[in-house]
Amino acid sequence: MAHTGMPDLAHSAIGTLIETLSPCIVDLGARGGADPELLAIAWASSIYCFEPEQHAADQLARAGDSRWRQFTVIPSAVGGASGIQNLYVPEDMTGASLLRHNPAMIERFDNPSLHAVRTVLPVETCTLDELRSTGRLERVDYLKVDVEGAELDILKAGHTLLRECVALKVECSFLPQRIDQPLVWAVAQFLAEAGFEVMDLQDFHRWRRRNLPAHPYRVRSDMQYSKGQVAQCDLVLLKTAGRLEGPEQAMRLVVLSAALGFFDHARTVLAGNPEWADRDR
């Protein structure tokens with residue numbers, strides 16, 4: 001079934017190409033719903049949603065999403081190593097992490113529901129490379145990673161997948177929210193060395209102490225107003241044209257770049273692959 005926003009795409013020449021390529025999307029940290037970035041091509045794509053918390057995974061599976069050709073929920077965790085690891089869970093489950101929370105964040109921003117650990121759960125984790133080598137995942141074209149601090153560990157244990165993948169969205173932090181958490185510049189540098197370019201920074205979160213109002217007219221006090229400090233954002237990255245491994249991967253990059261709105265990058269890739277040059281008109 002074609003996505004309602006693109007009713008004619010499936011019946012066009014580009015739609016036939018997209019269906020032939022059959023994009024595969026992996027969403028690590030899909031609590032609350034799958035990543036919506038690629039809904040324009042969902043009708044031709046498979047998506048695998050990983051959510052380690054069983055109740056949230058069950059809710060996601062029951063809700064489903066018929067916009068995707070194949071929608072699969074996997075109730076397990078992906079980590080930087082395979083085996084049993086601790087999942088540190090605060091009151092707000094969206095802050096659950098494989099890394100220990102940094103207590104300094106509570107004193108600094110007064111948000112214990114996100115940073116004070118309530119319970120520690122043992123979870124079995126698997127690396128991206130193991131998931132790929134054992135056939136539990138198909139070839140992956142787009143990978144979203146939102147796992148509250150363990151993003152770089154997971155990416156480092158996914159070399160095979162990163163060679164195949166052409167597009168990424170990775171949540172990164174500007175603050176050490178967890179103990180020994182790699183910050184945004186470390187993640188960006190690793191992915192640049194892996195052959196990706198940062199195309200956009202999205203969904204900025206800014207934090208301030210909870211006892212301060214967002215607007216100066218809300219209260220009367222010595223400190224009536226404060227901007228929030230940038231805390232985290234999502235990096236959107238695409239494969240560098242010079243790191244492609246053959247024309248099929250080039251075409252996957254063209255399709256994913258266009259679906260994400262980066263048409264200029266798609267044209268750049270086409271220009272470097274003459275066998276596809278007549279397809280960009």
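This is a predicted model: local features need pLDDT of at least 70, side-chain atom pairs count only at pLDDT 80 or more; totals for chains, interfaces and linings use all residues.
Visitor: Which residues of α1 are called buried?

Guide: Helix α1 spans residues 13-21, and its buried residues are G15, L17, I18 and L21. The label asks for a relative accessible area under 20%.

Visitor: How do you know on which side of α1 they lie?

Guide: They cover an arc of only 160° around the axis, so they sit on the same side of α1.

Visitor: What does the face of α1 turned away from its buried side carry?

Guide: That face carries A13 and T20, which are exposed. The buried residues of α1, in turn, pack against α9.

Visitor: Why is A241 called partly exposed?

Guide: Its relative accessibility is 30%. Buried needs under 20% and exposed needs over 50%. The value for A241 falls in between, so A241 counts as partly exposed.

Visitor: Where is A241 found, and what does it touch?

Guide: A241 is in the loop between β10 (229-239) and α9 (247-259). Leaving aside residues up to four places away in sequence, A241 touches E197 and V269. F196 is 45 residues from A241 in sequence, yet their C-alpha atoms are 8.9 Å apart in space.

Visitor: Why is D180 called exposed?

Guide: Its relative accessible area is 72%. The cut-off is over 50%, so D180 qualifies as exposed. D180 belongs to the loop between β8 (167-173) and α8 (184-193).

Visitor: Is E148 buried or exposed?

Guide: E148 is buried, since its relative accessible area is 12% and the limit is under 20%. Its place is in the loop between β7 (142-145) and α6 (151-156).

Visitor: How many disulfides does the count come to?

Guide: The count comes to 0 disulfides. A pair of cysteine sulfur atoms must lie within 2.5 Å to qualify.

Visitor: What makes C24 and C233 buried?

Guide: C24 has 0% relative accessibility, and C233 has a relative accessible area of 1%. Both values are under 20%, so both cysteines count as buried.

Visitor: How many cavities of 30 Å³ or more does a search of the whole structure find?

Guide: The search finds 1 cavity of 30 Å³ or more. About 40 Å³ of space lies in the largest cavity.

Visitor: What makes this space a cavity and the other kind a pocket?

Guide: In a cavity a 1.4 Å probe fits but cannot get out, whereas a pocket is an open set.

Visitor: Which residues line the largest cavity?

Guide: Its lining includes E148, G149, E151, E171, C172 and S173. Q177, R178, Q181 and Q232 are also among the lining residues. β8 gives the largest share, 3 residues.

Visitor: What is the volume of the largest pocket, and which residues are closest to its centre?

Guide: The volume of the largest pocket is about 760 Å³. Of the 37 residues that line this pocket, G29, T94, D146, V147 and E148 are the closest to its centre.

Visitor: Which elements give two or more residues to that pocket lining?

Guide: They are β4 (77-78), β7, β8, β9 (196-207) and β10. β9 gives the most, with 3 residues.

Visitor: How many helices and strands does the protein have, and what share of its residues is buried?

Guide: The protein has 10 helices and 10 strands. Buried residues make up 47% of its 281 residues.

How values were computed. Residues are numbered from 1 along each chain as its sequence is written. Side-chain values use heavy atoms; hydrogens and water are left out. Helices (H or I, at least four residues) and strands (E, at least two) are DSSP runs, numbered from the N terminus. Buried means under 20% relative accessible area, exposed over 50%, partly exposed in between (1.4 Å probe, protein chains only). Contact means heavy atoms within 4.5 Å. The arc is that of the directions from the helix axis to the C-beta atoms. On a 1 Å grid over the protein atoms alone, a cavity is a set of points where a 1.4 Å probe fits but cannot get out, and a pocket is an open set with protein on both sides within 12 Å along at least five of seven lines; lining residues have an atom within 4 Å of a point. Grid points are joined across faces, edges and corners, and a volume is the space filled by probe spheres set on the points.
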